[in-house]
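Here are my notes on this model, as numbered points. Please read them with the structure open.

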Amino acid sequence: MTEGVFGRESGHEQVVYCQDQQTGLKAIIAIHSTALGPSLGGTRFYPYASEQDALEDVLALSQGMSYKNALAGLDLGGGKAVIIGDPATVKSEPLLRAYGRFVESLGGRYITACDVGTYVADMDVVARESRFVTGRSPDEGGAGDSSVLTAFGVFQGMLASAEHRWGSTDLRGRRVGVAGVGKVGRILVGHLVEAGAEVVVTDVADAAIDRVRAAHPSVTAVASTAELETADLDIYAPCALGGALDDDTVARLRAEIVCGAANNQLAHPGVEKLLDERGILFAPDYLVNSGGVIQVSDELRGFDFERAKRKVSDLFATTKRVYALAEDEGVPPVTAADRLAERRMAEVSRLRSIVGPTSVR
Ligand SMILES: NC(=O)c1ccc[n+]([C@@H]2O[C@H](COP(=O)([O-])OP(=O)(O)OC[C@H]3O[C@@H](n4cnc5c(N)ncnc54)[C@H](O)[C@@H]3O)[C@@H](O)[C@H]2O)c1
């Protein structure tokens, strides 16, 4: 596919190619929308096979951030950046600082954060060249690791899903399967155990399973994700990679609720309808995993963990609103979530036409 940016229905506002030959930096920053405020989204550092693949990814990811930030109730638009290359071999202080100069050059229209291949320590380096960086370390005034509130947000989404499906948030005795017990999954397991759920996990890394079982001896493990999908579960929580739900998986699932942290869980458009047809309640991933972006966006006000946590707690009410709208409009929850996000973007951006004294020149 050789399509460029113009003419796409997604209507991105701005796409910036950034190159610094000395450090080998090749990056693309995409701003999908600033309807709600400056765009915010992470920097993915990945060895894309081609420039076109990198462009496709950054366009899709930045659009996703517009929806995620809108639904999370943030006054932030959607943006994302990709750095092309293998972080294990090309990442360096000069490269990250060169990237920071490009972020700074956008004057705050794009605010960056961590994503696949970039870490808190990297954001500290980028921040030496730019004011528009979140996901920094606590020593640098940052929010640190965003998986703590991501997991808490997923847990809120799960409680809201349970109340919608079973009329109660009580998870005692419910069987919950967590696929992927990395940074987010293992913290989620802690919330579930505390709530009295019976937790079953799986992970491709034995060390990850050992760590969870050492912290929570009541947790059991199965050998593979395929085994977990067909287990006798009430809730299934994909917390590893994207694309966890395809036609075959949905046909096999026995859980009544799917609610997890992984991004882009639906392998292709239409899977949300299959879930609906099977009576499985699917908590939109980009809604319930927005605790991380809520956490890092709080840095823009001077990070306050408790304030950020209170905002993440709102995901309970938002998830319930999404389910209510889905029922009212007869659509799957992801469609309802998209509609809520689109409405907020349209309604709030329209208000900018009301001109106050500070904006009259
Ligand atoms: N960290 C955050 O704040 C955050 C925020 C929003 C969304 N997410 C999403 O949540 C998911 C998990 O993020 P994370 O930060 O915990 O990542 P992570 O890399 O720390 O953990 C992922 C875990 O999944 C395991 N895994 C990989 N492939 C697997 C497979 N096929 N079957 C079973 N386990 C497998 C890995 O071994 C690892 O333990 C990702 O999709 C990520 O994009 C994370």
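1. Start with the contact between helix 13 and helix 14. On the helix 13 side, the residues are Arg321, Val322, Tyr323, Leu325, Ala326 and Glu329. They meet Pro333, Ala336, Ala337, Arg339 and Leu340 of helix 14. By class, this contact has eight nonpolar and three charged residues, with no polar ones. Keep in mind that the model is predicted.

2. Now the geometry of that pair. Helix 13 spans residues 305-329, and its axis lies 8 Å from the axis of helix 14. The packing angle is about 105 degrees. An angle from 65 to 115 degrees counts as roughly perpendicular, so helix 13 is roughly perpendicular to helix 14.

3. Helix 14 (residues 333-350) also packs with helix 1 (residues 51-71). Their axes come within 8 Å and cross at roughly 80 degrees. These two helices are therefore roughly perpendicular as well. Helix 1 contributes Ser66, Tyr67, Ala70 and Leu71 to the contact. Helix 14 contributes Ala337, Asp338, Leu340, Ala341, Arg344 and Met345. The classes here are seven nonpolar, one polar and two charged.

4. On domains: domain 1 covers 14-65 + 76-140, and domain 2 covers 147-344. Their C-alpha centres are 27 Å apart. Seven residues of domain 1 and six residues of domain 2 make the contact. On the domain 1 side, three of the residues are nonpolar, three are polar and one is charged.

5. Which strands form the open sheet, and in what order? There are six, running 9-8-7-10-11-12, with parallel pairing. Strand 9 (220-221) and strand 12 (281-282) are the edges. Each has a single partner strand, so one side of each has no neighbour in the sheet.

6. Within that order, look at strand 7 (residues 175-179) and strand 10 (residues 235-238). They pair in the parallel sense over four bridges.

7. Next, the ligand. The shell around the ligand has 25 residues, and Gly180, Gly182, Val184, Ala240 and Gly292 come nearest. By class, the shell divides into eleven nonpolar, twelve polar and two charged residues.

8. Which helix gives the largest share of that shell? Helix 6 does, with three residues. Helix 5 (147-166) and helix 6 (183-194) each supply at least two.

9. Last, the hairpin. Strand 1 (residues 14-20) and strand 2 (residues 25-33) pair in the antiparallel sense, over seven bridges. Valine 15 has alanine 30 of strand 2 as its bridge partner. Four residues lie between the two strands. One of the turn residues, glycine 24, has a positive phi of about 85 degrees.

Technical notes:
Residues numbered from 1 in each chain as written. Predicted model: local features only at pLDDT ≥ 70, side-chain atom pairs only at ≥ 80, totals over all residues. Pairing = 2+ DSSP bridges. Domains from an automatic or database assignment. Contact = placed C-beta atoms within 7 Å. Nonpolar A, V, L, I, M, F, W, Y, C, P; charged D, E, K, R; others polar. Near = placed C-beta within 6 Å. Axes fitted to C-alpha atoms, helices over the stretch in contact; angles between N-to-C directions. Parallel < 35°, antiparallel > 145°, perpendicular 65-115°, else oblique.
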